[in-house]
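I opened my notebook to look up how the chains meet. I also wanted to follow a few strands.

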Number of protein chains: 2
Amino acid sequence: MAEIERVAVAVLIIGDEILSGRTQDTNLNFIAKYLGTFGIDVAEVRVVGDLKDEIIAALNALRSRYDYVITTGGIGPTHDDITADCVAEAFGVELYEHPEIIEMMTARWQGEINAARRRMARIPEGGSLVRNPVQGPPGFQIGNVFVLAGVPMIMRGMMEDVGPRMRPGAVVIARTVRVEGIGESVMALPLETVAKAHPDLSLGSYPFFGQDGFGSNLVVRGRVEDEVLSTVEELVGALEGLGAKAITRVEP
Amino acid sequence: MAEIERVAVAVLIIGDEILSGRTQDTNLNFIAKYLGTFGIDVAEVRVVGDLKDEIIAALNALRSRYDYVITTGGIGPTHDDITADCVAEAFGVELYEHPEIIEMMTARWQGEINAARRRMARIPEGGSLVRNPVQGPPGFQIGNVFVLAGVPMIMRGMMEDVGPRMRPGAVVIARTVRVEGIGESVMALPLETVAKAHPDLSLGSYPFFGQDGFGSNLVVRGRVEDEVLSTVEELVGALEGLGAKAITRVEP
């Protein structure tokens with residue numbers, strides 16, 4: 001059996017608007033699902049405000065610890081967009097105006113490139129561009145850090161150029177056993193017994209309560225399909241006789 | 001003028017399901033808005049998986065740095081619910097079964113309290129209960145840390161008992177100037193000039209693009225109403241003559 005390798009990514013969400021509640025972040029959820037298709041795990045997330053010291057400290061903590069870091073937000077033209085400056089400072093390099101971005105801007109705005117737009121043309125020395133298929137200037141990569149826009153539509157487009165640049169991992173297979181009519185506390189012991197027998201799998205319980213009844217979705221996650229599938233059967237067996245109204249294997 | 005004090009909270013979101021993308025977190029956004037009404041800022045957020053060492057390290061980093069920490073998730077009855085254990089370990093105390101919770105459970109389940117349910121009755125020595133008006137056992141507070149459920153409906157209910165326990169800050173007043181028909185890069189310089197003249201205000205630019213046009217919402221945030229309102233006028237003045245189709249003061 002090939003060795004099962006984990007590739008771990010941290011996401012650093014930058015922006016006062018997320019912390020104040022003005023904006024509901026949806027970027028993390030997209031990034032997590034998208035990278036999942038490459039077998040890459042989001043292992044940690046931090047959200048920090050538009051503050052230089054905070055951004056640099058978080059970036060340095062995360063990039064030294066995880067295979068990759070993705071930042072979102074703070075790369076626009078206004079004074080509160082300081083991500084590029086912070087990333088350059090974290091890496092101890094200077095920003096420079098990338099000729100390709102200046103060229104794109106010149107083509108688009110017929111030579112009218114003011115100072116604010118020029119801010120968006122800056123990337124750190126040693127960095128490379130991350131394609132932006134949607135609108136506006138590109139993101140960039142430096143070392144193991146990918147710097148993306150915060151606007152979801154643009155961030156999603158940029159991710160198409162990020163996923164393939166990362167070392168892929170073994171894809172996680174997840175299967176759900178939906179148990180209706182009994183509470184989590186009734187299934188906790190059999191769930192734990194099965195979980196302990198498979199330490200390299202992750203078994204989670206996600207309860208639901210609604211007009212149609214209550215119960216829990218038990219999710220088995222792992223990187224070896226046979227083990228996930230046989231563990232689902234083991235779990236279903238262990239849950240029998242507990243009085244559930246229904247035990248359903250949910251296809252993904 | 002009274003001193004304007006900032007009260008800063010960190011949110012620690014615990015759960016593999018958020019990191020994997022299975023679940024879209026909405027708790028942060030609720031907490032941020034809710035605490036905003038008490039003048040309390042969310043200053044940093046971390047999301048970690050159901051891993052003991054990660055939870056303890058993040059909790060200790062955050063509780064030593066911020067006025068308060070709120071955790072969400074990991075307080076259910078199953079083996080992957082380890083938040084209470086981690087919080088106790090972070091504080092160097094033991095968990096014990098709280099008699100009031102045992103009493104509530106006994107009343108509800110007529111004495112049938114299995115081991116999984118008893119797990120949910122444990123709180124750290126020196127902790128106090130956080131009322132759960134929705135369903136299931138309470139959360140708890142120890143020191144400056146509030147430990148809440150992850151299920152949004154339950155977390156929201158618990159927050160009603162958290163906000164009033166925190167020292168209130170000066171409420172942030174936010175006013176938005178909506179500018180249509182010019183891009184962020186055109187408004188960047190006047191925005192920066194106004195921002196630099198008011199270092200204790202936060203001025204952010206949140207661009208929009210849609211079928212109805214494009215532009216940016218410029219948000220002025222501060223704790224002194226007069227200053228926020230006069231800065232809005234200063235900003236509107238600075239934006240005149242840039243070719244905007246419309247400049248609108250958006251009432252909150």
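I began with the contact between the chains in this predicted model. Chain A gives 42 residues to the contact, and chain B gives 42 residues. Next I looked up which elements of chain B give two or more residues to the side that touches chain A; among them are α1 (16–19), α2 (27–36), β2 (40–48) and α8 (184–197). I then sorted the residues on that side of chain B: 18 are nonpolar, 15 polar and nine charged.

I turned to strand β2 (residues 40–48) of chain A. Five bridges join this strand to β2(B), and the two run antiparallel. I noted one pair: Val48(A) has Glu44(B) as its bridge partner.

Then I checked Gly36(A). This residue sits in helix α2 (residues 27–36) of chain A. Leaving out residues up to four places away in sequence, Gly36(A) touches Val172(A), Ser20(B) and Gly21(B).

My last stop was strand β8 (residues 145–148) of chain A. Val145(A) and Val147(A) point one way, Phe146(A) and Leu148(A) the other way, and all are buried. Which strands pair with β8(A)? Strand β3 (residues 68–72) of chain A pairs with β8(A) in the parallel sense over four bridges. There I found Thr71(A) opposite Val147(A). Strand β7 (residues 139–142) of chain A runs antiparallel to β8(A), joined by three bridges. Here Ile142(A) has Val145(A) as its bridge partner. Two residues lie between the strands of this hairpin, and Gly143(A) takes a positive phi near 55°.

Terms used
Residues numbered from 1 in each chain as written. Chains lettered and ligands numbered in written order. Predicted model: local features only at pLDDT ≥ 70, side-chain atom pairs only at ≥ 80, totals over all residues. Contact = placed C-beta atoms within 7 Å. Nonpolar A, V, L, I, M, F, W, Y, C, P; charged D, E, K, R; others polar. Pairing = 2+ DSSP bridges. Buried ≥ 20, exposed ≤ 12 C-beta atoms within 10 Å, placed from the backbone.
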